Amino acid sequence: MINLIIADAEIEFIPAELSHDFNIINLAKKRGKSFDRILLDSNYMHSSIDKHFPGESNRRGRPDIIHTLLMVVQDSILNKEKQIRVIIHTRMNKIITINQETRLPRSYNRFTGLLESLFVKGRIESDGTVLMECYDGTLKDALRMVNSEHVVVLSPSGEKKPIDQITEENETTYIIGGFSEGDYISDAYSMGRSCSIYRDELTIWTVASEIICSTERRLGLV
Ligand SMILES: C[S@@+](CC[C@H](N)C(=O)[O-])C[C@H]1O[C@@H](n2cnc3c(N)ncnc32)[C@H](O)[C@@H]1O
């Protein structure tokens, strides 16, 4: 069993700084929701983010990269064998846990709708089963939840190692940054050894899929 902790994931409600932005007011009207109950999404709000948070529009508001990552994990052989658990920690210090039985929506719009509902209600249930939960907590709190002996912090600037060497211990927690540019905001590097799996920067779902495939080989699942 391995754990993936996605750290500093760029999922948050639209911040108050954007509340008077013309595009945001229009969007909130169209969605029939208050702005602070809508996820910040750089795909639709790029210029508004740039205006209020200059230079951050490629990094902030990226539920899309978390959705792609979760689809990769959900469809993996390792997940079918219940040998992987994912915890998402966000830049606003929220921790999202996902029941291994949960089938997340493949539709991106349905996924963001689900997250909006989760952030408001704190949990998503179906037929009495808790599918997802959301708590306040730091990256350290997320790490405490898994209580792992081995922690690897994935980073392009970490010590370069072959992937099969990085994944050789079972019960390992892998911390992957849930952002598309920049570095960890949380103090991730103090939480485990920092390793790089390739000379260039990779997408978060590529890093996750390399860890997953290597673990599947080690466990003899493929
Ligand atoms: C797209 S990267 C963000 C890029 C950022 N410039 C950085 O230095 O981390 C998001 C996350 O993917 C992981 N990652 C990307 N490339 C990697 C590599 N070559 N080796 C290990 N992890 C990598 C890291 O966990 C990183 O925080």
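In which element is Asn 26 placed?

Author: Asn 26 sits in helix H1. Keep in mind that this is a predicted model. Asn 26 has 10 other C-beta atoms within 10 Å. The cut-off for exposed is 12 or fewer, so Asn 26 is exposed. Now take a distance. Asn 26 and Asp 64 are 38 residues apart along the chain, and 22 Å separates their C-alpha atoms.

Leu 27 also belongs to helix H1, which covers residues 22-31. The count for Leu 27 is 19 other C-beta atoms within 10 Å. Buried would require 20 or more, so Leu 27 is partly exposed.

Asp 64 leads on to a helix pair. Asp 64 is in helix H3, and with Pro 63 and His 67 it meets residues of helix H5. On the H5 side are Tyr 108, Phe 111, Thr 112 and Leu 115. By class, this contact holds four nonpolar residues, two polar and one charged. H3 spans residues 63-74 and H5 spans residues 108-121. Their axes lie 10 Å apart, at an angle of about 105°. The range from 65 to 115 degrees counts as roughly perpendicular, so that label applies to H3 and H5.

The largest nonpolar core has 40 residues. Leu 4, Ile 6, Val 86, Ile 175, Ile 176 and Ala 208 have the most contacts inside it. Strand S1, residues 2-9, gives the largest share of this core, with six residues. Another core, of seven residues, lies apart from it and includes Ile 14, Leu 18, Phe 35 and Ile 49.

Neighbours within four places in sequence are left aside here. Ile 176 then touches Leu 4, Ile 6 and Ala 7, among others. Leu 154, Ile 204, Val 207 and Ala 208 are also on its contact list.

Leu 154 takes us to the ligand. It is one of the closest residues there, along with Pro 156, Gly 177, Ser 196 and Leu 202. In total, 19 residues surround the ligand. Nine of the shell residues are nonpolar, seven are polar and three are charged. Strand S6 (150-160), strand S7 (172-177) and helix H8 (204-218) each supply at least two residues of the shell. S6 gives the largest share, four residues.

Two backbone angles deserve a check. Most residues other than glycine have a negative phi. Asp 8 has a phi near 55°, a positive value in a residue other than glycine. Asp 8 is placed in strand S1. It is buried, with 23 other C-beta atoms within 10 Å. Asn 147 also has a positive phi, about 50°, and is not a glycine. Asn 147 lies in the loop between H6 and S6. Its count is 9 C-beta neighbours inside 10 Å, so Asn 147 is exposed.

Gly 137 is in the loop between strand S5 (129-136) and helix H6 (139-146). It has 18 C-beta neighbours inside 10 Å, so Gly 137 is partly exposed. With neighbours within four places in sequence left aside, Gly 137 is in contact with Asn 93, Ile 95 and Ala 142. Thr 90 is 47 residues away from Gly 137 along the chain, and their C-alpha atoms are separated by 9.0 Å.

Back to your question, then. Asn 26 is in helix H1, and Asn 26 is exposed.

Technical notes:
Residues numbered from 1 in each chain as written. Predicted model: local features only at pLDDT ≥ 70, side-chain atom pairs only at ≥ 80, totals over all residues. Core = buried A, V, L, I, M, F, W, Y, C linked by C-beta atoms within 7 Å. Contact = placed C-beta atoms within 7 Å. Axes fitted to C-alpha atoms, helices over the stretch in contact; angles between N-to-C directions. Parallel < 35°, antiparallel > 145°, perpendicular 65-115°, else oblique. Nonpolar A, V, L, I, M, F, W, Y, C, P; charged D, E, K, R; others polar. Near = placed C-beta within 6 Å.
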